[in-house]
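I opened this model to look up a few things and keep notes. The entries follow in the order I made them.

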Amino acid sequence: MQSTLTRPTSHRRSGHPRTGGVTPRQPLAPAAPAPVRRPLPCREDDRDLWFAERPEQLEMAKALCADCPVRDACLAGALSRAEPWGVWGGEIFERGTVIARKRPRGRPRKVVAA
């Protein structure tokens, strides 16, 4: 004796709202146009400028950072990483701290020049 069982096509009862599980896919909204990205000065200009030894070159790098779109994020990242040297976010780092200006190489003068 063989009996044929009929199975329902769905595991839920008819007439009940759908609960849980995967929701049907909604069509994606059209994406907004990508913003125009300005080139970053540290990626376009001479990269060694941001790690130069001469104070004049470091001041030039600071000037290039002045209107950089990611200046604040760059400075915050450098502070959190305690960058050992270089210009980051428009500031000069030396030994992990921000300094106002870099002194030139050599010994300082004993007598202040008039």
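**Entry: pocket lining**

I sorted the lining of the largest pocket by class and got 11 nonpolar, 2 polar and 3 charged residues. For the classes I took Ala, Val, Leu, Ile, Met, Phe, Trp, Tyr, Cys and Pro as nonpolar, Asp, Glu, Lys and Arg as charged, and the others, Gly among them, as polar. The model is predicted: local features need pLDDT of at least 70, side-chain atom pairs count only at pLDDT 80 or more, and totals for chains, interfaces and linings use all residues. Residues are numbered from 1 along each chain as its sequence is written, and side-chain values use heavy atoms, with hydrogens and water left out.

How much space lies in the largest pocket? I read about 230 Å³. Its lining has 16 residues, and C42, W50, C74, V87 and W88 are the closest to the centre. A pocket here is an open set of points on a 1 Å grid over the protein atoms alone, where a 1.4 Å probe fits, with protein on both sides within 12 Å along at least five of seven lines; lining residues have an atom within 4 Å of a point. The volume is the space filled by probe spheres set on the points, which are joined across faces, edges and corners.

Next I asked which elements supply the lining. At least two residues each come from α1 (41-44), α3 (71-81) and β1 (85-88). Helix α1 gives the most, with 3 residues.

**Entry: whole chain**

I counted 3 helices and 3 strands in the protein chain. From the N terminus on, the order is α-α-α-β-β-β. These are DSSP runs, numbered from the N terminus: helices are H or I with at least four residues, strands E with at least two.

The chain has 114 residues, and 18% of them count as buried. I used under 20% relative accessible area for buried, over 50% for exposed, and partly exposed in between (1.4 Å probe, protein chains only).

Contact means heavy atoms within 4.5 Å.

**Entry: aromatic pair**

I searched the whole structure and found 1 aromatic pair. The ring centres of F51 and W88 are 6.0 Å apart and the planes stand at 75 degrees, so I logged the pair as edge-to-face. The rule takes rings of Phe, Tyr and Trp (its six-membered ring) with centres within 6.5 Å; planes under 30 degrees apart are stacked, over 60 edge-to-face, and the rest tilted.

What does the pair tie together? F51 is in the loop between α1 and α2, and W88 is in strand β1, so the pair ties parts that are 37 residues apart in sequence. F51 counts as partly exposed, at 39% relative accessibility.

**Entry: around G90**

Is K62 buried or exposed? K62 is buried, because its relative accessible area is 19%. K62 is in helix α2 (residues 55-65). Not counting residues up to four places away in sequence, K62 touches V87, G90, I92 and A100.

R71 is in helix α3 and counts as partly exposed at 28% relative accessibility. Leaving aside neighbours within four places in sequence, I found R71 in contact with C65, A66, G89, G90 and E91. The C-alpha atoms of R71 and G90 are 6.9 Å apart, across 19 residues of chain.

D67 is in the loop between α2 and α3. D67 is exposed, at 55% relative accessibility. I read 9.3 Å between the C-alpha atoms of D67 and G90, which are 23 residues apart along the chain.

**Entry: positive phi**

I looked up two backbone angles. A82 is not a glycine, yet has a positive phi of about 55 degrees. A82 lies in the loop between α3 and β1 and counts as partly exposed at 41% relative accessibility.

R95, also a residue other than glycine, has a positive phi near 55 degrees. R95 lies in the loop between β2 (91-94) and β3 (97-99). R95 is exposed, with a relative accessible area of 76%.
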